[in-house]
Amino acid sequence: MTAFPPAARARRAALLGAVCVGLTAALTACGEEPKPDPDKGTNGVGRLSASAIEAKARNAARDAESVRLSGTVVSKERSYTLDMRLKEDGGTGSVTSEDSTFELLRIEDELFMKAGADFWDHGAQRSPESSASDEAAAGKLEDKYVKVPDGDPAYDQLRGFTDKDVLLDGLLGLHGKLAKGDRRKVGGVRTIEVTGGRGAGGSLAVSLIGTPYPLKLERAGGAGVVRLADWDEEFALEAPDKDETVDYGGRLPKTSDGAS
């Protein structure tokens, strides 16, 4: 048996130690799974700051030709459930406020409203003498497109429900310091969330696929949740037939929910 001098044994031990360390490092590196890139296959907005993501979402919404907006909005202590399709020259859909539902159709500046007789009927506020005639008038308006005169006090309020820019500008704002939130799917689409005031100022889910459209908005203070879909999908706006339309004159009749 050959004996190695102390110096040789020390050199051999150092060499074996270096080999083992290198081999261990190589094996460890081979065994580690690389972390997945959360932005792989996306439009890249997830890499941006929260304020930049919000700005891109606002710009995408403003530049879009059309959108479908649905959900609940609370404004001035009233709750509205909306299901509207909107584009630059008009919109169509339904609005529910408390126990009243009506449909709206706007083509350019022409605005029509359609509702059931119970919407037009406010019999509890009338005398018995006027009740019969007003009920008859409500019956004539039932499920007809009533043209809203542009001089009526309700015109601007009702038109606002059909105006893409007005609705989106009013809804999309977040309050407080912006921050990036969770990544999740909305309607099957990957999104990144932008929050305001640590969530107390609302949150906005922005698409990570294709154009960075806003897809879901949770308004500050529990003031409603809105979904935005069908961006840039074309749809037709057609004026109702004359036999479906009633021109009430210079002012709409008063309704039980205060729409006019």
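Residues are numbered from 1 along each chain as its sequence is written, and side-chain values use heavy atoms, with hydrogens and water left out. Since the model is predicted, local features need pLDDT of at least 70 and side-chain atom pairs count only at pLDDT 80 or more, while totals for chains, interfaces and linings use all residues.

Strand β1 (66–75) and strand β2 (78–87) run antiparallel and are joined by 10 bridges; strands are taken to pair if DSSP finds at least two bridges between them. Helices (H or I, at least four residues) and strands (E, at least two) are DSSP runs, numbered from the N terminus. In this pairing Ser 66 stands opposite Lys 87 of β2. The two strands form a hairpin with 2 residues between them, and Lys 76 in the turn has a positive phi of about 50°. β1 also pairs with β11, in the antiparallel sense and over 4 bridges, with Gly 71 opposite Val 226 of β11.

The largest pocket holds about 390 Å³ of space. Pockets were located on a 1 Å grid over the protein atoms alone, as open sets of points where a 1.4 Å probe fits, with protein on both sides within 12 Å along at least five of seven lines; lining residues have an atom within 4 Å of a point. Grid points are joined across faces, edges and corners, and a volume is the space filled by probe spheres set on the points. The lining of the largest pocket comprises 14 residues, and Val 73, Ser 75, Tyr 80, Phe 161 and Leu 167 lie nearest the centre. At least two lining residues come from each of β1, β2, α5 (155–160) and α6 (164–171), and α6 gives the most, with 4 residues. By class, this lining has 7 nonpolar, 4 polar and 3 charged residues (nonpolar: Ala, Val, Leu, Ile, Met, Phe, Trp, Tyr, Cys and Pro; charged: Asp, Glu, Lys and Arg; polar: the others, Gly among them).

In α6, Lys 164, Leu 167, Leu 168 and Leu 171 are buried (under 20% relative accessible area, with exposed meaning over 50%; 1.4 Å probe, protein chains only). Seen down the axis of α6, these buried residues fall within an arc of 90°, so they line one face of the helix; the arc is that of the directions from the helix axis to the C-beta atoms. Asp 169 and Gly 170, on the other side of α6, are exposed. The buried residues of α6 pack against α2 (50–63), β1, β2, α5, β10 (214–218) and β11, where contact means heavy atoms within 4.5 Å.

The second largest pocket contains about 180 Å³ of space. Strand β11 (residues 225–229) supplies the largest share of its lining, 3 residues. The lining divides into 8 nonpolar, 3 polar and 1 charged residues, among them Val 186, Ser 207, Tyr 213, Arg 227 and Trp 231.

Pro 212 is found in the loop between β9 (203–207) and β10 and counts as buried, at 15% relative accessibility. The C-alpha atoms of Pro 212 and Ile 53 are 8.2 Å apart, although 159 residues separate the two along the chain. Beyond residues up to four places away in sequence, Pro 212 touches Asn 43, Val 45, Lys 56, Ala 57, Ala 60, Val 206 and Ser 207. Ser 203, in strand β9, is buried with a relative accessible area of 9%.
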